[in-house]
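Here is a short note to read alongside the model. Please look at the aromatic side chains before going through the points.

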Amino acid sequence: MNDITAVRHEGGHRVWLRFDDGAEGVVDLGGLKFIGVLAPLRDERYFAQVRVDPEARTLAWPNGVDLDPDVLYSRLTGAPLPGSQD
């Protein structure tokens, strides 16, 4: 598992992330389907409230939504997801 240690909103639906292994960079989450529990994230002002959840060590928002850190790590680095056949 790849833990997120820092996050910064970069405008729109982009976030700068740093992981515990030192990997860092910007991930654009604008391609997410903002439906269901993700619907509030459609609003950039709400999206900008992103933080690192201190227990799960991933991105989280005030409504309790969080995102899988392994997926975020893969999107940032291009590394295959754990358990994938790649």
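Are F47 and W61 buried or exposed? Both F47 and W61 are buried. Keep in mind that the model is predicted.

1. The structure contains 2 aromatic pairs. A pair of aromatic rings is described by the distance of the centres and the angle of the planes.

2. One of the pairs joins F19 and Y73, with ring centres 4.9 Å apart. The planes of F19 and Y73 meet at 85°, and over 60 degrees counts as edge-to-face, so this pair is edge-to-face. F19 belongs to strand β2 (residues 14–19) and Y73 to helix α2 (residues 69–77). The pair therefore ties together parts that are 54 residues apart in sequence. F19 and Y73 are both buried.

3. F47 and W61 also form an aromatic pair, this one tilted. Their centres are 5.4 Å apart, with 40° between the planes. F47 sits in helix α1 (residues 44–47), while W61 is in the loop between β5 (59–60) and α2. Parts that are 14 residues apart in sequence are therefore tied together by this pair.

4. Another ring to check is that of W16: R8 lies over its face, at 4.4 Å from the ring centre.

5. The backbone at R57 deserves a look. R57 is not a glycine, yet has a positive phi of about 55°. R57 is found in the loop between β4 (51–52) and β5. Its relative accessibility is 26%, so R57 counts as partly exposed.

Definitions and conventions. Residues numbered from 1 in each chain as written. Predicted model: local features only at pLDDT ≥ 70, side-chain atom pairs only at ≥ 80, totals over all residues. Heavy atoms only, no water. Phe/Tyr/Trp six-rings, centres within 6.5 Å; stacked < 30°, edge-to-face > 60°. Helix = DSSP H or I, 4+ residues; strand = E, 2+ residues; numbered from the N terminus. Buried < 20%, exposed > 50% of the residue type's maximum accessible area, 1.4 Å probe, protein only. Lys NZ or Arg CZ within 6 Å of the ring centre and 35° of its normal.
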